[in-house]
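This report covers a strand, its pairing partners, a nonpolar core and a ligand shell.

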Amino acid sequence: MPLFINQDQIFAHQVHLLEHKLRSKDERILELETEKAILHLRLAECLGRLRRGHEEEAMAQKLLQQQRKTQNITQSALGKLLAEVQNLKQDLSEIFAVYANGVADLEGQSKQILEKVDKARSTLNGCHGDDLQSLQFHVAALKRDLEEEKERCRAEKQRRREIHNTLVELRGNIRVHCRVRPVLPFDQIHSSTLGITSSDEVINAVSDTFSLTFIKDTMLVKCIKNGNPIINKVFEFERVHGPEDSQNAVFEEVKPLLTSLLDGYNVCIMAYGQTGSGKTHTMMGSQGPSRAPQMDEQQGIIPKAAVELFRLISETPSESHVVEVSVVEVYNNEVFDLLSRDGESSTPGQCRDVITTASGTSEVPSLTYEWVEPKSGSVVRVKSAPEVMQLIRGVVKLRARCPTLVHTHSSRSHLVVTLTLSSKSPHALALARRLQSAKRELQHCPQREFWSPRCRRANPTTRHTSTDRSAALASPSSLCSSPGHSPCPSPRPGVSQAPNRTRLQLVDLAGSECVGVTGTALWETSCINRSLSALSDVLGALAEQRPHVPYRNSKLTHLLQDAIGGDAKLLVMLCVSPAQRFITESLQSLSFGARARQVQKRVPQRKNNNLKTK
Ligand SMILES: Nc1ncnc2c1ncn2[C@@H]1O[C@H](COP(=O)(O)OP(=O)(O)OP(=O)(O)O)[C@@H](O)[C@H]1O
């Protein structure tokens, strides 16, 4: 039977086939579109990653650059540090070698003595009555050896100090000594709330006995207050003195500086500390000028320095030196010349100006001695230490005083005693004559007008005494003139100065007071505090080696500019009270001392080559 296939069926089958193909193509298209979408997504992801990669790479580049920069800076700083460390190492190894030799010597000698003692002991164990005499002899010999050993120890200690001082000098550091006074009746105040006696001693001086390294004298501050943070600090200084140390002991450590004066260097000794901490006691001695003469051992640095200076002079050929004295006080930011003998006013103490000379030194014009033709000024030639002290004691009672909350005889002004030592060698005299004629010429020259008006403006002005404090308060603006001042141009360098002179400045600063001041004393106290913080700022600027040092922010720093920042040898005598009551002020003073030690001044320069000790 023939197979009959319907045409429609074939078409239907073909349509079916085509539909099937179409469906599968549709499905394929769908599949491909999905794949395309997935690929798009991946592409976007990759692009994102690529962008992030670029950003990260840029960041990494930046970091790399920064790292390189930091590395460069660190390397140069490291280089500098290494150089400094090398220098220090060299210094240390030199000193260590000196010390090590000394110590090895001493150790050897100590061993010998110990052996002798052992021998003596064993002899003693086996000895009988007959041997007693020889034993006594032996003991006496041992005692002698011990004394000699002690003496050698003292000498070695002294030698170390001298080496340390030389090192301090070579580096141009300011020397800082610190004295803690004994507890005094006015330190006693009882705190009912904390149950503490505020006179508790919280500051102790620890003097190093014998160590292999430098002499390390320290001040320990230990305060355990209920409910307050514990204070436990250590401050290092060149020398420390405890309450038991006498005026002589304090002066002995200062004395070597006076020899420097005869060697041709300027020297300054300055007492710093809060009110009642013992500055005047240390500088002048405790007995007031009106009372009976002081015993030698009660005298402070100023009288002892005067005696020492004349002793040193007497060791050199007579007639070769001249000593002049000037005494000024800085009160309420004005300089008063306490020895003024102008004769125009009966009021003691004339107001003076401080100028900066062309050579950069600060001078009080009327206190500059006219070498060849002495004028009747306020610089007085003296021939002996008693004469110096008679002058100083005569005028120091003019110094402004007022009771503070701490004690009744507080000095409210900074006292500056200057002893100027000049050489009278033929060469110096010839030079002085030449300078004098130069000055005469200058006086006839019209240019003189250029520098003189300001000096003339410093005409004597009546000094405000502490009893006349209301007058001072009435015109406070007149008292604070320094910061804006332009310096008085100098009358050409050296014209008014004696040749070959060195000066010793002895400064008893007024004491700072932190709290509780009211009434008329407030202006005085704020002037004192401002001048002391100006001093602190000057030291800060010098320690950080800033290009500008604000000497002219106060008359005190302007007056002492050469001593603080110049090439004089400067010793700061910090005075502190041991009592817990004054811990804040004492910490402030100790920090001031620590800052002063960081200052590296110019290495002291010889001012007078004619002056030489024998
Ligand atoms: N080391 C000491 N030994 C015994 N007494 C001392 C010592 N230091 C100070 N004093 C006594 O303490 C009191 C205050 O001392 P001083 O006048 O020297 O203080 P100051 O620091 O000069 O005070 P201010 O700055 O207020 O003038 C004085 O009576 C003084 O005799």
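A residue is called buried if 20 or more other C-beta atoms, placed from the backbone, lie within 10 Å of its own, exposed if 12 or fewer, and partly exposed in between. The model is predicted: local features need pLDDT of at least 70, side-chain atom pairs count only at pLDDT 80 or more, and totals for chains, interfaces and linings use all residues. Residue numbers start from 1 along each chain as its sequence is written.

Helices (H or I, at least four residues) and strands (E, at least two) are DSSP runs numbered from the N terminus. In strand 16 (residues 501–508), eight of eight residues are buried. In a regular strand, side chains alternate between the two faces of the sheet. One side of strand 16 holds R501, R503, Q505 and V507, the other T502, L504, L506 and D508, and all are buried.

Two strands pair if DSSP finds at least two bridges between them.

| Partner strand | Sense | Bridges | Bridge pair |
|---|---|---|---|
| Strand 8 (residues 267–273) | parallel | five | C268 with Q505 |

A nonpolar core is a set of buried Ala, Val, Leu, Ile, Met, Phe, Trp, Tyr and Cys residues joined through C-beta atoms within 7 Å. The largest one has 88 residues, of which I269, M270 and V572 touch the most other members. Helix 11 (residues 521–543) supplies its largest share, eight residues.

The ligand is surrounded by 20 residues (C-beta atom, placed from the backbone, within 6 Å). The closest are T275, G278, T280, S410 and G511. Helix 5 (residues 279–283) gives the most to this shell, three residues.
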